[in-house]
Amino acid sequence: MGEKRTVSLVVNGTAYEESVETRLTLADFLRHQLGLTGTHLGCEHGVCGACTVLVDGLSVRACLMLAVQAGGADITTVEGIAPSKDRLHPLQEAFRDNHGLQCGFCTPGMLTTLLEFLRNNPSPSEGEVREAISGNLCRCTGYQGIIDAALDAAERLRGQDATARPHGGESP
Amino acid sequence: MSRAVFGESVKRVEDPALLRGEARFIDDISLPSMVEAAFVRSPHAHAGIRGIDAGSAMALPGVHAVLTIDDLRPYLETEFLVVGLPSSSYQQDRNRPALAGDEVVYVGEPIAVVIAEDRYIAEDAAQLVVVDYDPLPAASDCRDALAEGAPRVHQDAKDNLLAEFNMGYGDIDAAFASAAHIYAESITQHRGGSHSIECRGAIASHDPGTDQLTLWVSSQMPHSTLRVLVDMLGRDENQMRVVTPDIGGGFGPKLVVYQEDVVVSVAAMIVGRPVKWIEDRREHFIATTQERDQYWEVEIAVDGEARILGLRGSIIHDHGAYTARGINLPQNSAESFPGPYEVPAFQMNTKLALTNKVPVTPVRGAGHPQAAFTIERLMDRVARELGLDRAEVRRRNLIQAQDMPYTRPLKTRGGLAVVLDSGDYPKSQEDSLARAGWDQFPARQLAARADGRYIGIGLANFVKGTGRGPFEQVTVRIGTSGRVHVYTGGTAIGQGTKTMLAQIVAEQLGGDMENVTVTTGDTAATALGIGTSNSRLTVVAGTSAHVAAGKVADKALQIAAHVLDAPVEDLEIDGTAIHVKDRPGRISNVRVELGALAHAMAGTPGYTLPGGMGPGLEATENVILDSKTFASGTAVVEVEVDVETGGVKILNYVLAHDCGRIINPMIVDGQAIGGTAHGIGNALYEWMGYDENGQPLTTNLADYLLVTATEMPRIDLIHHQSPSPLNPLGVKGVGECGVVPAPGAIISAVEDALAPFGVHIDRAPISPPQILALITQGRAP
Amino acid sequence: MKPPPFTYHDPATVTEAIGLLASLDNAKLLAGGQSLMPMLNMRYAQPDHVIDLNRVEGLSAIREAGDGLEIGAMTRQREVEFSDDVERLCPLLHEAMPLVGHRQTRNRGTFGGSLAHFDSSAEIPTVCAALDAIVRVQGPGGARDIAFKDFAAGYLSTSMGLDEVLLSVQLPAWGAGHGFGFEEFARRHGDFAIVSAAALLEAGPDGRITRASLTLGGIGSAPLRMAPAEAALVGAPGSAETFAAAAETCRGIDALEDIHAPAVYRQHLAVVLSRRALEKAWSRMDADKGG
């Protein structure tokens, strides 16, 4: 067994205090130690974006962070986006309505990336959406459904107050 | 009330779990006491193995086993995966060993496996396994591999020719002898990977108490995997189960049964604990099959009016180091070379060359993109030589709608006739040209050039054989809970299979998709299965589902007629119950729940079944559909080339496609656009480089370029629906279609943009440095 | 693709970090992790010790200093991208930042980390070269400043000592109203540039160029200042001919060759992108401010 440290952090509103191996990536920690398997690993070298999570409200690649570095952080994963068991977040609804997912493997990273993006830019252009998700690879959709979903979600989110905001800090 | 769902863009049943992060992909499965595997793989394209020293690796704390082929042999009837599709043209059997013995023949070939507490430790230990290699010369380029004196891919072979076959019809010599013009081209299409965002993975668990072995695997073909394991492990079918969890994309290579699937299964028996192996991206680059390297030498004969008289030539196909599927790819290529055109005489010779590279098997498109690229390059050549509009040359050669079904005097790999079943190819071309503004383009192009901008337009037609038979099994069962259960051997890899089957079944049972559950890819749930490939499931599984659901509906109505004492014609299924139809002025509330009918048909000891019917409320269908359905379409693409950098930007992309009757327009759009993205990658971005020694050069996603959202244009789709006469739904496949015309249309457009420089492009993909080199050549005096 | 075993250290001060660097063999500094973590996951880097700088106080700030900006080494690239001070005082850097990787990598990646990793095709080192940045580092013997022209020491390597930590970077501002232009050719948005060009121009009231900086990234093992081009520009009128001629002086330079592009292609891009960057810089000159 390798060297271990104890980290305290909040994930999707739940506080955890966990002993982690210091070389464990944040992605593997979330997936295998906390059982939050919605965060996916597609490349483990920081290109595909499938493992994107929000750390203190900012999208980061969870394969490029060590779990031990997340001490004190407030993390949102895909499991923390929907407001309740029986309701989807407007962004998730928009993905479903616009066929923004096929196999669904890249979807968690797309959702977390767009969640941050739409907070910062509530009325994006198509080009801005394309740039925002240019660090997330999708092999199924050709991105069109995802882009339509993001634009649709932006409209839905503009039309509502902050009630459906998921857990997680606001970005600057 | 009964609702119609067939033909509607209903929401996908797959989505909620995927959107919530609650889906279960292979790496999301964790079993008690599970351990993890990492493979030791060859760093050499070709080498002998003198010995393997696992001492240091075994000594590492947390390591349970380091296994080589010697350790597996006691558990194996044969150490080879015998999976090649039948063909009389093989000249060598080249089956993969589960682990390499005394020779490795490609970089990435598995040699040993480390089983450890977790993947971190397994990778630590894999680094410590010392393999004593004797490096050997490697064959990298498939053309060189066939040359006299080339390094042999396998030391025990006399040469590198795996297979050779000829295909043709008509009097080819007469066609060329009488031709007004003959043009020759050398066309290259390069390979790429599938790069599903989820790599492969497998988990095996063996219960010594019951001697049951279960393999969860991210595979398009669990039943094939089961059959291979039964053969290799010498086990009975009832001792084995293969299950597919949610699958994060397939795109072809997941139809292959791999060495790792076998090794993980045996390892679970050896270590007595469940064993998980998750392929990482670097492994995916070197150990998962790839496709497309082909070199074509072809000639086209045309008359004075640009009408095709004959096509002839040869293909050298890079097969990789082993047969992991068969001769199917170049068979598809040669067979589909004439495309949507009238070709009176045809003759092709095809050679499959072994190379010291990862095995080659279908990637989305499966041989068709190469053929479409070649014929479309030839059409452009004819147009240029004869000074004709590129669309006009195609127009003169397209098979006409009134000639459907059109029999091409060729045979499929299974010896069946090639019959283009339906479609209106000229309309496809005309509509897409109109949408793209083809006729107005020359004026726009001139204006752009006056501004120093180089824009171009190109087109490509395609036909794509889909729905390959012979069948896919589907069971439709109404349970005593009242829910409708659908089971199929096909697998769901993102293409919306569960939604498709739920729509087809619900259509017959009153339209309540919420009440339908679809189970895919589980050998315990479906006795027979072929799996997902060749854009086939909607055709073959869809038809079985349609027929099975119809039978279940008929039976349910008959039982209900008996139970309700009403004539069948007065009854209607509304999704969860059967009721007496309302009549004008009279609303009926007489109904019986489907669950109650299922209860009645489940039987009660000592009592007869109602209505004298057979037991159960279910049907299993294996509708035989041998002939392929041919989807078709046209891509018209407008690009701008930066002649100072060689950069290409796609300005407009129109795709007309015809996949017969559409079950779910939203899903069909997604398939067509997604396939197009893959084709754009094949035309402009994806390059899987190997050096002359067979070393892969692009083994990460920063070097191997997948199209991202910023390069991908918005795709403008045109739907045509020519029902297939070959199945009761009138459907055809769509999954691979988008990829097929993309390289042809894009390269045509790039060439058009660069017409002032006299640029001629004979390959895909083409990179900015290559484009710039062509421009520079063209500028030279 | 999992990181190899290592001992993890997370010092709270620069002094502590330097102490660890000096006392440990085969140690690697971990800043934002956007370069080191992939190398660890792929096991291209197998350090015995990882010294995480993320808890070190005082290394992340953007502030006006002298006639320019000082950017702390651990400042996230995102902060630089959205900094009003950067936009005002170093618009060239502001223009280049959105091209640095992707949103998710800029949220975590640091300004100093990119410099220390020193990929010559990365945008941040190229901009620093263009601005004659001064890199402040600290080792056991104290702090010292390294002029950017002395910072490079070969491919992916700098003149920092093995026991030195990068503290901050000073970016001298150019005159109000100066022209700036950053141009790059990358295969896809967010990719490392095959070649990039950064241009800065100032001019006198007569329309003649008084000061010029032209830097090429992705060409050699480090970003290259194009002294002959700069010499040709100063004193010349700002015109298409001037820029074309200056750019043309870049044609003969030695260029890298790799799987993405042959040397001849990079040499060609050097000329094209230099000219475009200069023209863009010139088009942005604000004559009212004496630029």
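This report describes the chain contacts, domains, nonpolar core and selected helices and strands of a predicted model.

## Contacts with chain A

Chain B and chain A meet through 44 residues of chain B and 43 residues of chain A. On the side of chain B that touches chain A, α1 (15-20) and α18 (665-685) each supply at least two residues, and α18(B) gives the most, with eight residues. Sorted by class, this side of chain B holds 20 nonpolar, 13 polar and 11 charged residues.

Chain C also touches chain A, with 22 residues of chain C in contact with 24 residues of chain A. The elements of chain C that give two or more residues to this side are β1 (7-9), α2 (36-41) and α6 (103-108), and the largest share, five residues, comes from α6(C). The residues on this side of chain C comprise eight nonpolar, 11 polar and three charged.

## Domains of chains B and C

Chain B is divided into three domains: domain 1 takes in 15-21 and 470-621, domain 2 covers 32-371, and domain 3 takes in 398-464 and 629-779. The centres of domain 1 and domain 2 of chain B, taken over C-alpha atoms, are separated by 39 Å. Between these two domains, 16 residues of domain 1 are in contact with 18 residues of domain 2, and the domain 1 side of that contact consists of four nonpolar residues, 11 polar residues and one charged residue.

Chain C is likewise divided, into domain 1 (7-48), domain 2 (62-172) and domain 3 (179-285). For domain 1 and domain 3 of chain C, the C-alpha centres lie 35 Å apart.

## The largest nonpolar core

The largest nonpolar core has 400 residues, of which Val114(B), Ala267(B) and Val505(B) touch the most other members. Helix α16 of chain B, residues 537-564, contributes the largest share of this core, with 13 residues. In soluble globular proteins, nonpolar side chains tend to be buried together.

The surroundings of Val505(B) can be listed in detail. When neighbours within four places in sequence are left aside, Val505(B) is in contact with Val476(B), Val484(B), Val486(B), Val516(B), Ala545(B) and Ala549(B).

## Helix α7 of chain B

Helix α7(B) runs over residues 222-233, and at 1.5 Å a residue its 12 residues should span 16 Å, which agrees with the 16 Å between its end C-alpha atoms. The helix is mostly covered, nine of its 12 residues being buried. Those buried are Pro222(B), His223(B), Ser224(B), Thr225(B), Leu226(B), Val228(B), Leu229(B), Met232(B) and Leu233(B).

The cover over the buried residues of α7(B) includes β4 (80-81), β12 (212-217), β13 (240-243) and α8 (259-271) of chain B. After the helix comes Gly234(B), whose phi is positive, near 65°.

## Strands and sheets of chain B

An open sheet of three strands in chain B has the order β6-β2-β8, with antiparallel pairing. Its edge strands are β6 (103-104) and β8 (130-135), each of which pairs on one side only. Strand β2(B), residues 47-53, is joined to β8(B) by six bridges, the two strands running antiparallel, and Ala47(B) has Pro135(B) in β8(B) as its bridge partner.

Elsewhere in chain B, strand β21 (residues 474-478) and β27(B) run antiparallel and are joined by four bridges, with Val474(B) standing opposite Glu621(B) of β27(B). Strand β27(B), residues 618-621, has a covered face made by Ala619(B) and Glu621(B), while Glu618(B) and Thr620(B) form the uncovered one. In a regular strand, the side chains alternate between the two faces of the sheet.

## A four-stranded sheet in chain C

Chain C contains an open sheet of four strands in the order β9-β10-β11-β12, with antiparallel pairing. The edge strands of this sheet are β9 (179-185) and β12 (224-225), each pairing on one side only.

Strand β10(C), residues 195-203, and strand β11(C), residues 209-217, run antiparallel and are joined by eight bridges. In this pairing, Ser196(C) stands opposite Gly217(C) in β11(C).

Key: Residues are numbered from 1 along each chain as its sequence is written. Chains are lettered from A and ligands numbered from 1 in the order in which they are written. This is a predicted model: local features need pLDDT of at least 70, side-chain atom pairs count only at pLDDT 80 or more; totals for chains, interfaces and linings use all residues. Two residues are in contact if their C-beta atoms, placed from the backbone, lie within 7 Å. Ala, Val, Leu, Ile, Met, Phe, Trp, Tyr, Cys and Pro count as nonpolar, Asp, Glu, Lys and Arg as charged, and the others, Gly among them, as polar. Domain bounds come from an automatic or database domain assignment. A nonpolar core is a set of buried Ala, Val, Leu, Ile, Met, Phe, Trp, Tyr and Cys residues joined through C-beta atoms within 7 Å. A residue is buried if 20 or more other C-beta atoms lie within 10 Å of its own, exposed if 12 or fewer, and partly exposed in between; C-beta atoms are placed from the backbone. The expected span of a helix is 1.5 Å times one less than its number of residues. Two strands pair if DSSP finds at least two bridges between them.
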